[in-house]
Structures are given as C-alpha cells and as structure tokens.
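The following exercises concern a predicted model.

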Amino acid sequence: MASASANLAANMTINGDRLWDSLMDMAKIGPGIAGGNNRQTLTDADAEGRALYQKWCEDAGCTMGVDEMGNMFARREGTDPDALPVYMGSHLDTQPTGGKYDGVLGVLGGLEVLRTLNDLNIQTKHPIVLTNWTNEEGTRFAPAMMASGVFAGKHTLEWAYDREDADGKTFGAELERIGWKGDEKVGDRKMHAMFELHIEQGPILEAEGKDIGVVTHGQGLWWLECTVTGKDAHTGSTPMNMRVNAGLGMARMTEAAHQIAMAHQPHAVGAVGHCDVYPNSRNVIPGKVVFTVDFRSPDLEKLTSMRSQFEVKAKEIADELGLGLSIEPSGHFDPVTFDEGCVSAVRNAVERLGLSHMNIVSGAGHDACWINDVAPTAMIMCPCVDGLSHNEAEDISKDWAKAGTDVLLHAVLETAEVVA
C-alpha cells in the first residue's frame, strides 16, 4: 500500500471542539432515560439520526449513496477517477440503554476528518468514503453487524429482510417504513482499504494509560441460543422430586458456560447475557427458558472447543433433569487478523502524532470484522472510562476523542495518498 507519510505533518489535526459538538448534537436524537441513548436500528430515532448525518455530509461537499440494506456512503472525490476509495466509518444505531459514543464516534470522527480536509484544502489521489453501517448492534434484529455481513457476503439480502424483532416486525418492512431502503446493490462497492475508529469497550487502555489501541486482531464469537423445556407447575404444591424445572436447567448451564470459559484461559470469555423465562410468573416453575450463551476468543481452536464442550455438558444437564434441549447458533464469526498494511498505517499515524499506544485485541465484534474479508481493514481504539459500554453511563474524554480521530485522519491520508 503506497505511503504518503512525507506529505503529513504532526501538527495536522482535527477540530476537537467541533467533533465534540457533533457528538453532543447527535446524542439529542433518541435520548435514553439516564443520559445515554436509545436509538435502536430502523426506529424513528434512527431515521432522524440518519437525516442529520446526511445533511452534515452534504454540507461537507459529499455525495450520499444508500444501498438496499440502508448502509449510507458519503463520498469525497479524489484526483484519480480510477482509484478505489479509502473507506472509514462505523454505526449510528445504539443499544436500548446505549451510550453516546459506541459506534457514533467512528462515524462522526470520520465526518470530522472530511471537514478537516476541507478546512486545509487537502486533496487525495483516492476518493474517501464515510460509511454508516446499518444494524451493527443486532439488538432489535439479530444478528449483530448484519448489514456489513450482507455487504461481505455472509448473509443473503432476503434472509436479512426476514429477520423479526420482538414484536414480529421484519427488518425489510421497517427499513422501508423509515424511508432508508436504497436502490444500490449491497456489496457492489470495491474498497482500497477500510478504517474503523471505536471506543475500546473495555478497561485495558485506560488502565495502561495509553492514548490509542492499535487493533491487530478481533475475537471470534459463537452465540448459541438454547431452548430448555420442562413442565409448568405450581411452585408451592409440586414436590421437589417431581419437578421438571427449565429454570434450574438454565442455571446449571449458565454455570457450565462460565466454567468452560475459565478452563480455556487465557484469552477466552463466556457468559449468558440474555434469557426469556416462561411463563415468568413468581409462583410457577418455569416450563420453558430461552437463553443465549456468548463465547469469544481470538484463538479459533479455543472458540471451537468452548462451543463443543458446552453442547456436550448442556445435554448432560438436560438429561439428568429430564428436560428437553435444543441449541441453535444465532451468531458467529471466526477470529480476525487485520491487514498488516492498514495496521502499519495506524501505527505510523500514532507515532507521527507522538501519542502513547499499545497493540490490542478487540473483545467486541465490529463491522470492520466482516469488511476485513473483502478489503484491507484495520481498527483504531481510544479509551473509555472504566471500560464501560452498552450502558448509558458510557463516557470518554474530549481529548481521547480528538486523539483517536487525529490517528484516523493520518491513517486515512497516508492510505489515500495526499496530492502535493
């Protein structure tokens, strides 16, 4: 990948105040109940956030494209019409009790890069495209990273359109309802490279006192949806030895998931993060429980082993308690090794700017994990307070936001090749 380091100066930085103002303005759309955001995908709040984002991009001189999954692409032209674009971006959708920065920093940081290029009258050989990927969170419509997954050929468009939320509404119908179903075929775009800026969503960078995480790898993931079936019965009048308790089965399987992850240390995690209990009454023994086990590791062998061991142990527990059991994968991606050239561009940027940094493995899934399969990709991370994310109390400092976006600016410019 060509380098333009000679044309980049360490004093070339973004406007941190303008970036922060944009973050705070976007946070007014879909406010949460405790200072964060509830801007779930394909809601009216999502549509409002998209409209503001489009306005800001067009004000910065970009043209906007939208594909059939609602992915938004703001393009700044380069000097070579035949050069493939350098992409950057993340997502604007949030968790139901989400923070103001998860995903949003990567989109609005990219917007600030575009604005800074305009301020400094910088031209690049390659066009630069800023993306808002649809439904990264996967909360309302599972799985996570769904639209980037369709873009990368991991899911079909029809399958994605048929995903249902808790109310039975389909992704396709809701995308059309909010007016953000585009005409562009998903995945037709070709990329020279892709960079994603994101908050760490973990405590390592803050604990180590580092400004920037240079993301070299991403953890793989298995989400296993477990349905345990027993028999509804009165909690007061059913003898203990005659119960077929689906809740007890879930409890033991939850402990099993924890023990399996502990046995695969280091660099392996596992937990139950979601469950639905039926009939969910205080005086009825649960007759059915549906829950999801989340296993993650950057080591494919460990990831595969954890899934296999859990499936065996869960069946043993179900058989012992006389329970029915089905286990279906509801999300998966293999561990990711990000592109060496893109990672070097990030590291060059950090060193040019004189920021403290360390290599880091992303513990969460990101759109960049799918895009890495179709284009050279890397990620940049900045710290977040106490490692807290997917929580309305999620917080970062203005300095952290600026530092991460400065690195994004320099990595993108080195890759897109500044025209002297």
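**Exercise 1.** Determine how many bridges join strand β5 to strand β15, and in which direction the two strands run.

**Exercise 2.** Identify the bridge partner of V86 in β5.

*Solution.* Begin with the pairing itself: strand β3, residues 86–90, is joined to β5 by 3 bridges, and these strands run parallel. The partner of V86 in β5 is A193.

**Exercise 3.** Explain why strand β5 is described as largely enclosed by the rest of the structure.

*Solution.* Step 1: in a regular strand, side chains alternate between the two faces of the sheet. Step 3: because 7 of the 7 residues of β5 (residues 193–199) are buried, the strand is largely enclosed by the rest of the structure.

**Exercise 4.** Classify Q123 as buried, partly exposed or exposed, and state where Q123 is placed.

*Solution.* Step 1: Q123 belongs to the loop between α3 (104–119) and β4 (128–132). Step 2: buried means under 20% relative accessible area and exposed means over 50%. Because its relative accessibility is 34%, Q123 counts as partly exposed. Step 3: beyond its neighbours within four places in sequence, Q123 is in contact with R76, E77, T79, E417, V418 and V419.

Terms used. Residues numbered from 1 in each chain as written. Predicted model: local features only at pLDDT ≥ 70, side-chain atom pairs only at ≥ 80, totals over all residues. Heavy atoms only, no water. Buried < 20%, exposed > 50% of the residue type's maximum accessible area, 1.4 Å probe, protein only. Helix = DSSP H or I, 4+ residues; strand = E, 2+ residues; numbered from the N terminus. Pairing = 2+ DSSP bridges. Contact = heavy atoms within 4.5 Å.
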